[in-house]
Amino acid sequence: MECPGCRAPNAPAARFCDQCGSRLPAPDADPTAGPEAVRLTPDDGSPADREAAPVGDRRIVTALFADLVDYVRMLAEHDAEEVKGRVDAALAAMDDAVVRFGGRREKFIGDAIFAVFGHPRARDDDPLRAALCALALRAALAELAEAGEEPLAIRIGVATGEVVAAPRLGRGSNEISLTGPAVVIAARIQALAGPGEILLDEATVRAARGRLAVEERGTRRLRGRPGPVHLFALRADRGLEAADRPTGRLLGRATERARLRGLLDAVRTTGLGQVGVVVGDAGMGKTRLLADLRADARAAGLRWTWAENVSYGTGEPYRFVRTFAQAIADEEGDDSGAIARRFLFTDDLDDQVARRIGGGIAAIAREAGFAGWEAEEPYTPTDPVEAMNAILEACRRYTVRLAEELGPRVIVIDDLHWVDPSSLPVIDQLVNVTPSIPFAVLIAMRPGPLADAMVRGVAERIELAGLGPDETGQLAAEVAGAELAPRDAAAVHERTGGNPLFVAETVRALTEDGSLVLRDGRLSMAAGRSPSGLPVTLRALLGARIDALSEPDREAVGVASVIGMRFPTRLVTDLLGRPATPVVFERLVDAALIEPLEEGDTWRFSHPLIRDAAYAGLLTSRRRTLHGILADRLAESGRAGIGQIARHRVAAGEVERAVPLLVQAARAAMTVGAVSEAAGFWATAAELAPSPADRTTFSEAASEALAAAGVGREAPA
């Protein structure tokens, strides 16, 4: 059976498309009537269908399938009750790992588990979380094996991609089903994995942004997939090694880097500490900028300590404190407990102070091998405030002694916005004590109240904005492997705002799908293409920002995305079917998703990719409904251009109403010399026209318009 949305082949009895996740029509149903067809070009919709839009959304998730190996053999060789006990313990440990990394266990399937990261709420590091969860699953099973017992082995598949999240069919059912290629691929590659092996698809590896140590496993063709899938075997989490080792050339940032280098020089020359806070949105290159200073720090005689915060660690008390202590211990080649004893419990330490700070350290480092003081019966505070004060006292002494014994250093605190709440007072204390010790404390974080609070008289705030047009062009050329034509480089800069991550992912996607073609040693957009796609990595990143909103705010962003980059309050109200209150727009401004325009009651998305992510999250049927309502409102207002109305009729699936408008818009464009725009209208009319004669006529008109614009057919690259 062919999917009416993406035209992919499926098995005759399939209910959902293996390629795009759309529900397939029954064998005797009209193939154009599927409610979840994914194409933005129309199916045969009508205004009468607009009130029937289903509840749900489209989202990027990472799916994980894990299956125990040799379950059938174990049943044959061992007592069934014993096997059940071992399998139940394994499944419980696997479930705990999924919860720990913020995933959602969708179901147990016999001796297997299916988990999803990114639903019901997305986070911008869901693929990394899923990969780390897979490593934790494998480790958990190894730990379960008792002495002399055969360890359980597991095979795991992880894949990232789009799914449709919508209520499962069935009267009275409120269960949400996830349907899409990510689920299919994860299940299929799990079956390909060997015992103890974790296989990832390319989207997962890419979205982890260098954090994973992987090995190539080549490409495989999977049943139901239109093309080969590139596979990787996961070996380990690179962790701090990935963040602390800069790769590639640092583009731009000369001013910001000079300011940071000035802080290092001040520590070296004066012996007094400095604090710098680098603030920027996700993808702006905060980590990359700080990592580039490592060689400068070493050249200046400063030691280098890098400690990161992770989103899945916010629920672990004092995680950052432990991470920092371990980084120092690794540097010294010793145990973190031994280092703490060396710094804290000196001969001149008062006994009462020793007992107090010993009790504080015991609360956060039980696993660190603190064997030297237990016999001294350290005081264990019972009041929470007293316990916090004891920990702060211990951490302050540790910091001062670190400076006295090991000398000047740079301390990088990455992703402070993800710090666990209990460690925040410790970091605040570190910032306050730094001016009196020879440390350069460099903090990277995203904008927000925490960033504002960190910048006091002792800290220098360094804002990271997008790269300029020239640097964007240079980065695009490095990613693509050749220089981009100036016009196309400018288009990439306008679309991405110079955000380095957005630039890299956009150009990589354009290169891979053939939108950029090599001509005379320079890459340029193929005819009819534009840098308008939204790679999976960016959809996941931006979708997480939208998912963090309340339901009313998410709905407002969704309907606004249908209107376009700019949208007036009145049209948002029309599409919502209820008044759009000012507080909703205020919250969206605070979230840096939209910004007000001077004309009043009109807004603009703060970034084209944010608008695209919001639009991509709508079910196709919901989009069609909204486009139809919007076309009606624009036609009634008499203030919209015919081309604008035509585009919304096309997106609404109203073919019979759209084609005459497209023809009218094409002719109007020709009369004012807008031949390229006219060619676009003619081409769309040719695609939709029901009769072969009209298709031929409109195609010829499009070709004539392109010729008039001096645009010929693209030669193959």
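Biologist: How far apart are the end C-alpha atoms of α10?

Modeller: They are 20 Å apart, which agrees with the 20 Å that its 14 residues (319-332) should span at 1.5 Å a residue. The expected span is 1.5 Å times one less than the number of residues.

Biologist: Which residues of α10 are buried?

Modeller: R319, F320, V321, T323, F324, A325, A327, I328 and A329. Buried means under 20% relative accessible area, exposed over 50%, partly exposed in between (1.4 Å probe, protein chains only).

Biologist: And Y318, buried or exposed?

Modeller: Y318 counts as buried because its relative accessibility is 11%. Y318 sits in the loop between β10 (303-308) and α10, and has a positive phi of about 60 degrees although it is not a glycine. Most residues other than glycine have a negative phi.

Biologist: What about the phi of A592?

Modeller: A592 also has a positive phi of about 60 degrees without being a glycine. A592 lies in the loop between α22 (582-590) and β17, and at 35% relative accessible area it is partly exposed.

Biologist: Which sheet has β17 in it?

Modeller: An open, antiparallel one of three strands, in the order β16-β18-β17. β16 (566-568) and β17 (594-596) are at the edges with a single partner strand each, so one side of each has no neighbour in the sheet. Two strands pair if DSSP finds at least two bridges between them; β16 and β18 (residues 602-605) have three. P568 stands opposite T602 in β18.

Biologist: Switching topic, which peptide bond is cis?

Modeller: The one joining H119 and P120, with omega about 10 degrees. P120 is in the loop between β3 (112-117) and α3 (126-144).

Biologist: What is the mean pLDDT?

Modeller: The mean is 83, and 85% of the residues reach 70 or more. pLDDT is the predictor's confidence in each residue, from 0 to 100. Over residues 26-53 pLDDT stays under 50, as it does over residues 712-717. Where pLDDT is low, the predicted coordinates should not be read in detail.

Conventions: Residues are numbered from 1 along each chain as its sequence is written. This is a predicted model: local features need pLDDT of at least 70, side-chain atom pairs count only at pLDDT 80 or more; totals for chains, interfaces and linings use all residues. Side-chain values use heavy atoms; hydrogens and water are left out. Helices (H or I, at least four residues) and strands (E, at least two) are DSSP runs, numbered from the N terminus. Contact means heavy atoms within 4.5 Å.
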